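Trainee: I have the model open. Can we go through it one question at a time?

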Amino acid sequence: MKFDFVQLACSLLGSSLFRLLPLECVSPHDPEQDISKSVAIVGAGSAGLAMLKNLLDLPPEVRANWDIVLYEQRRDVGGVWLPDPSPAPPPELPETPLYPQLHTNTPVPIMTYPGIPFPPGTPLYPLHEYIEQYHRDYATNYGLWPYIKLNHIVLSSSWTGTSEAGRWEVEVEDHNGDRIQRSFDHLVVASGHNHEPHIVVFAGQETWLAKAKHGLHREILHSIWYRDPSQYVNQTVVVVGGGASGVDIASQVSRYARKVYLSVRSKAEREPTGPVEMKPEISHFTSDDVVFVDGSTAQDVTTILLGTGYDLRVPFLEEGGEVAVKPKSNETDENRLTTNLRYLFPLHRHIFSLSTSYPTNALAFIGLPILALSCPSDTAQSIYATSIIANGSLLAPRAELLRELADSEEDLRRRGYDPYHVGHRMVDNSTFDYQDDLIRTLRLREGSSEENTRFVEPWRREILNYIGSLKRGWKRIEALGQAEEWLEGVESEEDWADLMRRVDAWQRDWEAGRQLVLPNDVLLY
């Protein structure tokens with residue numbers, strides 16, 4: 001193996017902030033690298049902002065002539081964390097599933113971009129407004145705004161060229177409603193996956209909806225439209241889905257409703273709070289009742305709230321003929337990507353398209369992983385993608401990447417998972433391993449020593465060992481009115497890590513003194 005010693009030195013001496021410094025080492029004189037490039041990013045949520053910052057972090061001599069633009073269809077940055085001030089009623093989709101009482105399910109220190117903690121005084125499990133402002137501050141502090149075009153909707157994108165060279169032809173509707181055409185060398189899709197609700201249909205539901213008695217209105221509504229739990233006062237509600245949103249919505253509605261059931265396929269990710277009765281899957285509806293698979297029923301139900309997730313769609317690439325929609329499919333089309341509504345394939349490490357229609361670094365996706373803790377995962381993916389966009393020779397040949405993907409999918413099968421069903425989920429809390437592996441692979445390809453490849457800080461992994469006691473402890477601290485006292489002086493990442501350890505120890509001591517034995521929660525995202 002031939003080493004470029006200048007590049008090697010750079011990778012060893014690079015920025016400590018992002019644990020990767022090979023970015024400075026992409027030589028502007030590399031014959032594999034174009035003098036100028038154009039890159040379009042779609043989406044200004046966590047993923048799009050991370051990608052934009054990492055592109056701008058390239059050395060000036062590398063990106064001096066690059067044309068970089070980020071298109072965001074909404075009024076501001078923040079993605080899913082940006083509220084929809086006037087959500088549309090069904091069937092028109094709201095801009096976000098965000099509801100006013102949403103708190104984070106994970107402690108904010110592990111949700112951060114690496115090296116960029118939340119401001120002092122932020123609660124450990126804050127309301128969504130804190131996350132929204134965090135992303136806005138990120139864009140401001142790192143000079144991202146000049147590259148962001150708000151209220152610009154990408155309508156269509158298609159590749160014109162060959163597997164070796166070409167351009168993305170992108171059609172955009174601007175803030176005035178005018179349509180503009182642009183061409184780009186590289187396209188980065190960072191538009192999220194919480195847009196198209198997955199609607200489950202049950203046998204008999206139309207009869208049930210039509211047979212409401214005594215002038216009552218019945219409805220089946222996906223959680224994307226859920227906003228206010230108080231509208232369910234004195235109603236009987238069935239929430240479907242044991243994920244984070246289903247559990248949270250059931251807990252909120254139970255404070256107002258006469259009765260709340262939570263229907264789950266398997267065990268819920270955590271126990272709901274409040275008077276919520278657990279039920280198995282819904283079997284069918286009669287004209288009066290909801291019938292579950294164990295034969296039990298729920299009567300006098302007025303509302304079914306579906307916390308059943310989202311279909312994975314990329315409308316502007318579908319419009320351009322670059323993504324085929326084939327529900328439940330596991331058949332690869334070598335000329336374009338396929339979404340089976342849960343999995344987009346074939347992709348290299350959930351990032352680069354392996355379609356044979358264009359170069360392997362021409363189309364990237366940032367933010368597809370689920371159960372991934374967005375900001376750190378988006379950062380690792382963005383570092384990886386930025387380096388490879390700058391220097392496509394860092395990727396192995398397409399055939400080798402396809403073999404690697406097949407091996408990865410086979411590994412999931414050996415562990416009892418269907419890769420075409422789990423899709424981009426980081427199963428078994430594998431998100432940290434995934435992030436480390438991305439950076440390790442990149443560094444080794446650029447000539448760094450393996451000892452210098454860790455990306456994930458140890459304190460982030462450590463939290464998995466006490467996530468349950470941490471959340472119980474913080475809830476008790478807030479109930480005692482002591483949150484401000486505990487947060488005093490907490491500023492750096494090290495301070496936040498120390499705070500979480502102290503809360504864990506304090507709560508464990510309290511539980512041990514009362515001989516309480518409680519399970520450690522799973523990490524919810």
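Trainee: Which residues touch the most other members of the largest nonpolar core?
Mentor: This is a predicted model, where local features need pLDDT of at least 70, side-chain atom pairs count only at pLDDT 80 or more, and totals for chains, interfaces and linings use all residues. Residues are numbered from 1 along each chain as its sequence is written, and side-chain values use heavy atoms, without hydrogens and water. A nonpolar core is a set of buried Ala, Val, Leu, Ile, Met, Phe, Trp, Tyr and Cys residues joined through side-chain atoms within 4.5 Å. In the largest one, of 101 residues, the members touching the most others are Leu49, Trp66, Val253, Leu305, Ile351, Phe352 and Trp474.

Trainee: Which element gives the largest share of this core?
Mentor: Helices (H or I, at least four residues) and strands (E, at least two) are DSSP runs, numbered from the N terminus. With eight residues, the largest share comes from α8.

Trainee: Which way do the residues of β16 point, and are they buried or exposed?
Mentor: Buried means under 20% relative accessible area, exposed over 50%, and partly exposed in between (1.4 Å probe, protein chains only). In β16 (residues 303–306), Thr303 and Leu305 point one way. Ile304 and Leu306 point the other way, and all are buried.

Trainee: Which residues does Leu305 contact, leaving aside its neighbours within four places in sequence?
Mentor: Contact means heavy atoms within 4.5 Å. Leu305 is also among the core residues that touch the most other members. Its partners are Leu221, Tyr226, Tyr232, Val237, Val238, Val239, Val240, Ile249 and Val253.

Trainee: What is the strand order in the open sheet?
Mentor: Two strands pair if DSSP finds at least two bridges between them. β9 (residues 219–222) pairs with β16 in the parallel sense over four bridges. Four bridges also join β10 (residues 236–240) to β16, again parallel. The five-strand order is β9-β16-β10-β11-β12.

Trainee: Why is one side of β9 and of β12 left without a neighbour in the sheet?
Mentor: Both strands stand at the edges. Each has a single partner strand, so one side of each has no neighbour in the sheet.

Trainee: What angle does α6 make with β11?
Mentor: Axes are lines fitted to C-alpha atoms, for helices over the stretch in contact, and angles run from 0 to 180 degrees between N-to-C directions. Helix α6 (residues 244–253) packs on the sheet and touches β10, β11, β12 and β16. Its direction makes an angle with that of β11 of about 170°.

Trainee: How many residues apart are Asp288 and Lys213?
Mentor: They form a salt bridge (a side-chain nitrogen of Lys or Arg within 4 Å of a carboxyl oxygen of Asp or Glu), with the closest N and O atoms 3.2 Å apart. Asp288 is partly exposed at 28%, and Lys213 is partly exposed at 45%. Asp288 sits in the loop between β13 and β14, Lys213 in the loop between α5 and β9. The pair links distant parts of the chain, 75 residues apart.

Trainee: Which residues are linked with Asp437 and Arg440 in a network of salt bridges?
Mentor: Asp437 and Arg440 both lie in α11 (residues 431–445), three residues apart, about one turn of the helix. Their side chains meet in a salt bridge at 3.6 Å, N to O. The network also includes Arg349 and Glu404.
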